[in-house]
Amino acid sequence: RPSLPLHLSPTTKWKTTTMVCLPYPTFLKSPTSSPDALSLSAVGRARIHPQADDKSYQQIVSKCIQQSQVPEDTKENKQTRKKHMKQGVQLASDFLSLQLNLDVSIVDVEIVLSATDMVESDGCLACCFLDAGCQYIVVQVQGEEGLTRALEAIEVSRLPRERIVLDYQLPPDQEFVQQVTDVSSQVGTICVKMSDGSCTDLLQKIATWEQKTKLAVEISNDTVQSTKLNELVSRVSKAMGEDKGSIALVDPTAEQLGLAFAACMKTDRNDGLYTTVVCTRSNEALGLVYSSKESIVAALQCGRGVYYSRSRNGLWRKGDTSGHYQTLHRIDVDCDGDALRFTVTQNGDDIKAFCHLNTLTCWGEPRGIRHLEGTLQQRLVNAPAGSYTKRLFEDETLLRDKLVEEAQELSEPGSKQDVAGELADVLYFAMVRATKAGVSIDDAVMELDRRAKKVTRRQGDSKAFRIKAGEEILGKK
């Protein structure tokens with residue numbers, strides 16, 4: 001075990017970064033119910049309430065119950081159970097991405113599940129949605145026995161506490177703090193309702209909150225006057241300043257969500273603009289721009305990169321003139337609450353350029369793996385005579401053999417320099433394979449982020465038939 005730095009003791013507490021508490025949408029209706037709601041999840045988080053009569057959702061529930069009813073006493077039953085699990089996860093993935101239009105790889109999705117369905121499926125339903133990419137499972141407390149039933153659902157699901165949200169359907173009463181204390185070891189977040197009548201009391205509770213369980217405050221236009229919404233969201237955000245929780249707005253419009261989002265930020269600029277860094281899915285900076293409250297709303301309305309142009313003194317919808325538009329994935333606020341990051345996919349019919357000089361970034365040509373990707377994409381369209389990359393594109397057997405060969409060399413012991421060289425070889429041949437299939441670096445990043453949210457892990461043993469196939473390829477060389 002390495003020794004601690006001299007200025008630290010085993011009891012030293014690392015200073016953690018405090019992030020700004022921001023609002024996000026909770027959809028009682030489907031996020032696809034209106035064009036205005038399609039891109040609201042780009043604020044980075046969203047809660048969905050599947051409808052009980054939704055056939056796609058009921059298919060998922062039925063498949064998970066079917067999985068739970070198969071015992072794990074024989075190898076055949078284990079395989080059957082695994083098959084049901086995979087089918088359920090695929091159904092849930094399609095439900096989230098195709099039906100609800102949610103990108104779970106970059107948006108933290110909360111899904112509200114019935115406690116009864118969770119218990120009847122022996123927890124398989126909750127695991128299924130987490131494996132499909134959801135970040136949180138929300139269990140509602142309803143009726144006199146609601147808390148008991150909700151805790152039973154949580155217990156059978158056997159999930160990490162930080163992935164569970166316990167949702168109270170009423171503003172907190174006097175027994176609330178004691179109830180939270182009792183369940184804090186089982187849930188990571190408690191969600192409560194805020195209304196005009198409970199505002200003062202709840203803000204006081206937030207300000208003095210010392211529980212290890214976080215708070216999510218749900219605000220609805222039905223219980224809060226719309227003219228007071230931004231002010232209220234700002235007050236809650238400030239009270240949550242020490243990373244105590246989050247704010248959920250019920251079925252907001254893009255304008256309501258965007259203005260509430262901006263109300264939680266600050267700026268020291270005289271023009272009131274926010275410095276904005278535009279990045280790719282893999283966090284490469286494309287350029288530096290500025291945003292206004294109106295441009296944030298416009299970006300959420302259309303799901304594109306929309307900024308404020310200081311030279312034009314108005315909104316700048318990237319790509320309207322050049323054709324190099326951007327697909328908006330996520331908007332983040334930095335730790336100080338005064339700068340934005342837009343995560344986008346840069347598009348373009350001719351070239352994918354953010355800069356007016358027709359380069360991907362405003363800092364010239366990319367380097368490293370992004371440069372390799374660009375070169376390979378060019379070679380796929382127009383390769384010079386004698387190009388080895390072109391030969392790989394055209395000869396699938398050669399490309400397969402080289403992938404196996406270089407992976408085998410990477411697996412052998414070697415110096416740091418040797419491993420770096422072999423890794424570079426593997427990356428080159430893997431990127432050739434990906435480029436030929438139309439797969440980008442951002443596609444791979446998307447898949448890695450989605451997998452990171454899974455709770456079910458495979459045993460990870462090597463596959464004998466794959467090893468045999470690889471040995472046959474290497475034996476021919």
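## Packing of H1 against H4

Helix H1 crosses helix H4 in a right-handed manner, a crossing being right-handed if the near helix is turned clockwise from the far one by less than a right angle, and left-handed if anticlockwise. The model is predicted, so local features need pLDDT of at least 70 and side-chain atom pairs count only at pLDDT 80 or more, whereas totals for chains, interfaces and linings use all residues. Residues are numbered from 1 along each chain as its sequence is written, and side-chain values use heavy atoms, with hydrogens and water left out.

The axes of H1 (residues 55–68) and H4 (residues 124–131) come within 9 Å and cross at roughly 120°, which makes H1 oblique to H4. From H1, Tyr 57, Ile 60, Val 61, Cys 64, Gln 67 and Ser 68 meet Cys 124, Leu 125, Cys 128 and Phe 129 of H4, where contact means heavy atoms within 4.5 Å. By class, this contact of H1 with H4 holds eight nonpolar, two polar and no charged residues (Ala, Val, Leu, Ile, Met, Phe, Trp, Tyr, Cys and Pro count as nonpolar, Asp, Glu, Lys and Arg as charged, and the others, Gly among them, as polar).

## Packing of H13 against H16

The axes of helix H13 (residues 396–411) and helix H16 (residues 464–475) come within 10 Å and cross at roughly 100°, which makes H13 roughly perpendicular to H16 (65 to 115 degrees). In H13, Arg 400, Asp 401, Val 404, Glu 405 and Gln 408 meet Gly 470, Ile 473 and Leu 474 in H16, and this contact comprises three nonpolar, two polar and three charged residues.

## The largest pocket

The largest pocket contains about 1800 Å³ of space, a pocket being an open set of points on a 1 Å grid with protein on both sides within 12 Å along at least five of seven lines. Of its 50 lining residues, which have an atom within 4 Å of a point, the closest to the centre are Met 85, Val 89, Asp 131, Arg 450 and Lys 454.

Helix H2 (75–99), H4, strand S13 (326–333) and helix H15 (441–451) each supply at least two residues of this lining, and H2 gives the largest share, 12 residues. The lining divides into 16 nonpolar, 17 polar and 17 charged residues.

## The largest cavity

A search of the whole structure finds one cavity of 30 Å³ or more, a cavity being a set of points where a 1.4 Å probe fits but cannot get out. The largest cavity holds about 30 Å³ of space and is lined by Ile 219, Ser 220, Asn 221, Leu 229, Leu 249, Val 250, Pro 252 and Gln 256, of which five are nonpolar, three polar and none charged.

How values were computed
Axes fitted to C-alpha atoms, helices over the stretch in contact; angles between N-to-C directions. Helix = DSSP H or I, 4+ residues; strand = E, 2+ residues; numbered from the N terminus. Parallel < 35°, antiparallel > 145°, perpendicular 65-115°, else oblique. Points joined across faces, edges and corners; volume = space filled by probe spheres on them.
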